[in-house]
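Please keep the sequence and the structure in view while reading.

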Amino acid sequence: MAVPASAVVQLRSQPNPPSLQSCLLAAERASRDDAVRSLSWIVSAISSAAKGIAARLRTAGLDGALGAVGQVNVQGEAQQALDVIANELLIRELESREGVMVLGSEENDELMLIDGLPAHGGRYAVLFDPLDGSSNLDVGGAVGTIFSIYELAAGEETRLQAGRRQGAAGYVLYGPSTVLVMTLGNGVDMFVLEPTVGNFLRVAERIAMPAKGKTYSVNEANLDTFPAGYQRFLAACRKSGYGSRYAGAMVADVHRVLLQGGIFLYPPTAKAPKGKLRLMYEANPMSMILEQAGGIGSTGTGSILDHEPESLHARVPVILGSREDVAALLAELASD
Ligand code: P6P
């Protein structure tokens with residue numbers, strides 16, 4: 001059954017689309033909550049870093065910034081030169097913002113404590129994957145930045161919290177265009193970078209993802225080592241005519257699911273029995289986005305957002321998708 005056109009998020013150009021900055025200011029004016037005021041200031045910092053990252057990505061093939069730096073990060077992954085550049089741009093933008101007390105990055109072993117004690121307003125932790133999918137860089141594939149923002153109570157600076165406590169989350173997809181998707185906890189908005197002026201302009205607001213899709217996104221090379229319930233679910237998808245799409249970059253794959261519906265999976269595998277993707281700066285922010293858009297984020301045994309973090313770089317199995325698709329998979333897993 002074809003997915004009705006109305007079921008896919010319709011993006012349409014509009015005259016004079018509002019900029020990210022004006023939308024953040026409107027959110028501040030609409031909210032009497034100091035937290036929204038500070039969160040928008042932090043999202044603004046991330047958008048500034050994202051413009052710098054996008055610019056470096058555009059010329060990386062020309063100025064020799066591609067390739068690995070010969071180091072391995074805390075994940076045991078070869079660090080790309082642009083991983084380091086993106087990480088430094090984000091840290092520089094964020095550490096200067098009032099209220100930012102803690103930074104956590106995929107590229108840094110430990111949390112970074114910042115003495116950004118606010119004169120007024122809240123205290124915040126920002127966790128991020130600066131350049132998700134960076135192994136795609138040398139072959140011109142899509143990559144992204146993922147971010148997660150928590151408001152901290154005094155003394156909570158070094159305590160990792162479950163994703164349900166996030167105040168804001170989002171990602172930047174560096175593809176044919178540079179797209180920023182974010183939520184402050186009141187719906188999901190999408191912005192596209194207008195490169196000549198350098199503004200992110202809103203192209204969709206309060207995104208509601210389709211209840212069901214027609215594609216699944218998973219690394220099928222690992223199929224034989226997935227738990228049986230995943231294998232049964234994927235066989236049923238193929239039988240009912242689902243397509244398969246896998247970019248090898250979580251941001252690109254989840255963005256497709258947000259707009260078109262369907263399901264993204266990184267199940268437990270023999271090589272990664274707890275899953276490969278990191279809870280704090282990949283699974284949690286993406287789950288907040290999808291839940292705000294009417295989707296579901298699950299570890300297969302519970303909501304991702306309720307999963308208590310064991311460590312900054314803890315990994316979890318990831319199921320992110322449309323309500324009906326995720327429910328069908330969870331039913332299969334429950335019968336294992
Ligand atoms: P695999 C990129 O390295 C990443 O962290 C995610 O962006 C992506 O979804 C996943 O790993 C890809 O992993 O094992 O399929 O190459």
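## Strand β5 and its partners

Strand β3, residues 100-105, is joined to β5 by five bridges, and the two run parallel. In this pairing S105 stands opposite F128 of β5. The model is a predicted one.

β5 also pairs with strand β6, which spans residues 143-152. Eight bridges connect β5 and β6, and their direction is antiparallel.

## Burial of β5

How many of the 10 residues of strand β5 are buried? The strand covers residues 123-132, and nine of its 10 residues are buried, so β5 is largely enclosed by the rest of the structure. Buried here means under 20% relative accessible area.

## Residues around the ligand

There are 13 residues around the ligand, and those that come nearest are D132, N219, Y246, M250 and Y266. The space that the ligand takes is the largest pocket.

## Polar contacts and cover

Which part of M250 has a polar atom 2.8 Å from a ligand oxygen? The atom belongs to the backbone of M250. Taken alone, the ligand exposes 400 Å², of which the protein buries 82%.

Note on methods
Residues are numbered from 1 along each chain as its sequence is written. This is a predicted model: local features need pLDDT of at least 70, side-chain atom pairs count only at pLDDT 80 or more; totals for chains, interfaces and linings use all residues. Side-chain values use heavy atoms; hydrogens and water are left out. Buried means under 20% relative accessible area, exposed over 50%, partly exposed in between (1.4 Å probe, protein chains only). Helices (H or I, at least four residues) and strands (E, at least two) are DSSP runs, numbered from the N terminus. Two strands pair if DSSP finds at least two bridges between them. A residue is near a molecule or strand if one of its heavy atoms lies within 4 Å of it. A polar contact is a pair of N or O atoms within 3.5 Å; within protein, one must be able to donate a hydrogen and the other to accept it, and residues adjacent in sequence count only if both atoms are side-chain atoms. Accessible areas come from the Shrake-Rupley method with a 1.4 Å probe; for residues, only the protein chains shown count as cover. On a 1 Å grid over the protein atoms alone, a cavity is a set of points where a 1.4 Å probe fits but cannot get out, and a pocket is an open set with protein on both sides within 12 Å along at least five of seven lines; lining residues have an atom within 4 Å of a point. A molecule sits in a cavity or pocket if more than half of its atoms lie within 2 Å of its grid points.
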